[in-house]
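I opened my notebook beside the viewer today and wrote down what I looked up, one entry at a time. Here is the structure I had on screen.

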Amino acid sequence: TIHDNLARVVREAGLRRLAMPTLCTGGVRMPPVLVAVAAMRSVLEDFSQHPTDALRVRVACYEREHAPAFSEVRDEVIRHFFAPEIAERNLMRAFTPQAEEEEHDDEPSLIGML
């Protein structure tokens, strides 16, 4: 993804700090929550590949109303850091509410956010 490429280029440049813009939320008009999920997946994947040399990522939202989506996705991933499959399932429920009926979990999900 574009976020994976961004992390790769930052690493190749020898940098470990990144101000990541909310890519594709402007002209492309992608929903911020989708961009947040993609960005978080990339950051998590980079961390799993480089656990002793983590990138420090700060998300730069041009639109103030985009920030809550990124915060909620981040919080969900952190809440289930050692069980990423639960975070993934909860995040996907936000996009497919019918999945909530099929599989119940006592964990909060992002459905209310959308």
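Entry 1, a loop residue. I started with R29, which sits in the loop between β1 and α2. I was working with a predicted model, so I keep that in mind throughout. I checked the backbone and found that phi of R29 is near 60°, a positive value in a residue other than glycine. Is R29 buried or exposed? I got a relative accessible area of 71% for R29, and because the cut-off for exposed is over 50%, R29 is exposed.

I noted a positive phi of about 80° for C24, although C24 is not a glycine. I then looked up the relative accessibility of C24, which is 31%, so C24 counts as partly exposed.

Which residues of helix α1 (residues 2–12) are buried? I listed H3, A7, V10 and R11. I wanted to know how they are placed around the axis: they cover an arc of only 100°, so they lie on the same side of α1. I looked for what covers these buried residues and found that the cover includes β1 and α2. I also glanced just past the end of α1, where G14 takes a positive phi of about 85°.

I fitted the pair and saw the axes of α2 and helix α3 (residues 67–79) come within 9 Å and cross at roughly 40°. That angle makes α2 oblique to α3. I recorded the crossing of α2 past α3 as right-handed. Which residues meet here? From α2 I have P32, V33, V35, A36, V37, A39, M40 and L44, and from α3 I have A69, F70, V73, R74 and V77. I sorted the residues of this contact of α2 with α3 into 12 nonpolar, no polar and one charged.

I turned to helix α4 (residues 84–93), whose axis comes within 12 Å of the axis of α2, with a crossing at roughly 170°. The cut-off for roughly antiparallel is over 145 degrees, so α2 and α4 are roughly antiparallel to each other. I found the contact made by V37, R41 and L44 of α2 together with P84, E88, L91 and M92 of α4. I sorted the residues of this contact of α2 with α4 too: five nonpolar, no polar and two charged.

Key:
Residues numbered from 1 in each chain as written. Predicted model: local features only at pLDDT ≥ 70, side-chain atom pairs only at ≥ 80, totals over all residues. Heavy atoms only, no water. Buried < 20%, exposed > 50% of the residue type's maximum accessible area, 1.4 Å probe, protein only. Helix = DSSP H or I, 4+ residues; strand = E, 2+ residues; numbered from the N terminus. Axes fitted to C-alpha atoms, helices over the stretch in contact; angles between N-to-C directions. Parallel < 35°, antiparallel > 145°, perpendicular 65-115°, else oblique. Left-handed = near helix turned anticlockwise from the far one by under 90°. Contact = heavy atoms within 4.5 Å. Nonpolar A, V, L, I, M, F, W, Y, C, P; charged D, E, K, R; others polar. Arc of directions from axis to C-beta.
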